[in-house]
Amino acid sequence: MKKIYSFNSKEYLSDKQALDTIGSRGVRVMELASLGAPISPGFIISNDLLDQVTEDAALAFELYKDPIAKMEQVFGKGFNDKSNPLLVKVVESPMLNMVNTLSTIHNIGLGDHTVDGFAAYVGEDFAYHEYANLIQKIAELELLTDIDKKRAARLEGCRTRLKATRKKATVVKALDECRDLFPEEIFTNMHEQLLHVVRLFNTLFKKNPSSSDSCLLVQVMVFGNYGKNSGFGSFFTHDIISGENKISGDYFESAFDARQKAGIPIDKVKPALRKELERIGSELEKHFREIRRVRFTVENGRLWVIDQDPVPNKSTQAEIKTLLDLNKAGVVDKEYVINAIKPGRLSEILHPALDLTSVQKFSNAGGGIAGAVGAAIGRVYFTTEELLKAHKRAVQENEEANFILAMPSTFAEDVKAIEVAKGVLSSEGGYASHAPVVARSLGKVALVYPKISWKKNSMKIGQKEVKEGEYITLNVPYYDPPVIYFGKASLSKPTPQGSGLLELLEIVQESIDGFDVHANADQPKDAELALMFKAQGIGLCRTEHMFFHEDRINTFRSMIIAGSREDREKALAKLEKMQVSDFYSLFKIMKGLPVTIRLLDAPLHEFLPHTADSMKEFIAYFKKSYPKVSEAEIRNRCDLLKEFNPMLGHRGIRVAISYPEIYNMQVRAIFEAAYKLQKEGTTIIPEIMIPIVMTANEIKTIRNGKRIEGKAIVGIRDLEVEVRKKVKATKALEYKVGTMIELPAAALQADRIARYADFFSFGTNDLTQTTNGLSRDDFNNFFSDYNEFDLLEENPFKVLGEQVKEMIAIAAERGKLIRPDIHMGLCGEHGAEPENIPFAKDIGLTYVSCSPYGIPIAKLAIAQMNIARAKEAKKAATA
């Protein structure tokens, strides 16, 4: 087999067997040549030839003769020529695509008799500096070999002196001081100089096991400062931020590289050059089926492509739009588009992304738990009250209104601050704790950073103290560790429209059949966003979130601490009008798609004031309606509602048993809204979900009602009849009643519960807590210890654990035994995690439900799963 392979724009290897022997760098240069790119010519020395050429100089010169002659012919220069020298570089071409390889040696061919000829074209200082750099790099290469300490010390001294030189006089002096360290021929005979470098590489290949089979690539050097009509540049084949289908980059006229002077935008270069760059970029994209970065040099008016490589820091928007363009051009099919994108990367389009160049000089603190991905910039405030005051001032004075809420942990009353903030930083809890869950539902950024020391008006992160009102930047990517930057950075703010995401979802939807995605949505804007992302319904409307608005929260609190049922029903009457409007809006937006409304679930104490200011405000509000009730009595009523373990306490259906009027209000509001739409000609089938059910008797009671001596619980069935009569509807409304399976007791009794439930929705957040006995707010205090000892592979609040999966599987199987047509879905935060989706489909669920911002991620994961399974099935059928 041939041992030396020449290459240029017209001569290149295409034989796969030969390509397998020339290493990764060799393959890359052959790929470029095969695509018609104007590459600088050169040759590759195969690994098995290196010993021969390093031991037999005559053989080496004979083998190099023809390849070097070809290189000289292309450029009109001569290797070892005094007046117009040809210079080359020697590059390791490893068999594996390694990041760390031996340093490339540039400008081989510069010697005592050639440097002035080179200087005539590029300038004296530049030429002599490059000569010094060549000898310096040769010294560095030898320092890696096994040499005695005395020689190593002298080589190090030589290297240091040469590195410090810039002008001709200092270079000549430094070279004279180093000359006796090297064979004289490397200064006087460029063929010997090249062979000397090859010998050093071969010695190091033998020493380093990872390089033992590497080849050497020898290629002509080209210079962007070689005369007037020369330059250096680089470009991306698509805009790496916006994804616009045009090349973007910079060109540096009469410059060797980008460090010498300011560049001009690539679209300002001469039309003929730009057209050729566009052609090269297009061919590269078609070949690699992705955005590429291309570096090039123009020498004396001739274009040479130096190299090209992938673009790891391209935006998701750019990746999607490039793939869509390639699909339209017929380069890739729709399956390729779907499989080319990691689902988690879609979160970048749904949230602002950090401009990394804007934080290069910022101090930072890395780590923490990603609660909700994205990037956020804002002034820090440590309480909801202070943040809301700052927001109000900013709006009134038309100032920037970017804020970050920073607190140890958040509660229900902090939702209004999270809503107006850009992000939330907390130190307690984890992925499934309050702040991240709310942030994900609102499309905000959340980071849990346990190592924060809190003071009254400041916080300390590492050695950095951040005072209230100062700027910080949160960067919470999907696949990389989160970082807090201390300062005000810059963001890109992509939107679904124009980003390519909606067009991608059109393609994705073609690979989704049956099993799909619903939305967790409580507000009209959430429902509209979900519909834009092709959600097939609302799988979870958390009605408790509807009561946190400023115009409702104190009415709701008054209802909670009411002194009598009569007073409670007065407050509920006000809330019912609001709830009718809430449900009407959601039903109307979703246009007949399923809407699952979960009746009040949160523990009542969560709605009560948690700070002195909010308590003071509530007391003033309550006393307007009930002036005879003292402040002490109001505080006492609030205190009596506190529980030791509220998440397992008086919440969900348990509240409905104690205070049936609360659920009655919500159910009437649902039916009134649905009947109103029915009159308008829109068919809607409300799905009413009962939370925290333990037994079949509980849901039976709420659905059908129950009377005991002196007391009664009016069932949903009777409430529908009541509302139908009230609105004078002629046709009974179709509706469904189901439950959230979030307790092991409910999972094990699923067959009995299914007698009274038309659907199951698996609330995996609480099911994970109650199955494992883990608090989602406290788990991260010790998760790292468990992870360190491999006791838990994944965070169970992100990836479903085996025990929880078994609970869901048991419930699904038992539910189907009693009600074969039962509709089942998963509505916990696990729903948007791609790892959970195959399990959900395999056990017979028909959807997962997640925040609107998680819908595209889940849909893409489903499409990828379906494509992979279809291929597996086809392969099995033909086996």
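Which residues does His196 touch, not counting residues up to four places away in sequence?

1. The model discussed here is predicted, and the opening question has a direct reply in it: leaving aside residues up to four places away in sequence, His196 touches Ile138, Pro183 and Ile186. His196 itself sits in helix H10, which covers residues 190–207, and its relative accessible area is 14%, so His196 counts as buried, the cut-off being under 20%.

2. Helix H10, in which His196 lies, has 18 residues and reaches 26 Å from its first C-alpha to its last, which is close to the 26 Å expected at 1.5 Å a residue. At the start of H10, a side-chain oxygen of Asn189 comes to within 3.0 Å of the backbone nitrogen of His191. The buried residues of H10 include Met190, Gln193, Leu194 and Val197, and among them are also Val198, Leu200, Phe201, Asn202, Leu204 and Phe205.

3. Cys158 belongs to helix H7 (residues 149–163) and Cys178 to helix H8 (residues 168–178), so the pair ties together parts that are 20 residues apart in sequence. The torsion about the S-S bond of Cys158 and Cys178 is about 125 degrees, and the disulfide is therefore right-handed. Both Cys158 and Cys178 are buried.

4. Cys827 deserves a separate remark, because its sulfur lies 11 Å from the closest cysteine sulfur, in Cys850, which is too far for a bond when the cut-off for a disulfide is within 2.5 Å. Cys827 is buried, with a relative accessible area of 2%, and Cys638 is likewise buried, with a relative accessible area of 3%.

5. A further point concerns helix H26 (residues 696–704) and helix H27 (residues 716–727), whose axes come within 4 Å and cross at roughly 15 degrees. Since angles under 35 degrees count as roughly parallel, H26 and H27 are therefore roughly parallel to each other. The contact is made by Ile702, Arg703 and Asn704 on the side of H26, and by Ile716, Arg717 and Asp718 on the side of H27.

Terms used: Residues are numbered from 1 along each chain as its sequence is written. This is a predicted model: local features need pLDDT of at least 70, side-chain atom pairs count only at pLDDT 80 or more; totals for chains, interfaces and linings use all residues. Side-chain values use heavy atoms; hydrogens and water are left out. Helices (H or I, at least four residues) and strands (E, at least two) are DSSP runs, numbered from the N terminus. Buried means under 20% relative accessible area, exposed over 50%, partly exposed in between (1.4 Å probe, protein chains only). Contact means heavy atoms within 4.5 Å. The expected span of a helix is 1.5 Å times one less than its number of residues. A polar contact is a pair of N or O atoms within 3.5 Å; within protein, one must be able to donate a hydrogen and the other to accept it, and residues adjacent in sequence count only if both atoms are side-chain atoms. Axes are lines fitted to C-alpha atoms, for helices over the stretch in contact, and angles run from 0 to 180 degrees between N-to-C directions. Angles under 35 degrees count as roughly parallel, over 145 as roughly antiparallel, 65 to 115 as roughly perpendicular and the rest as oblique.
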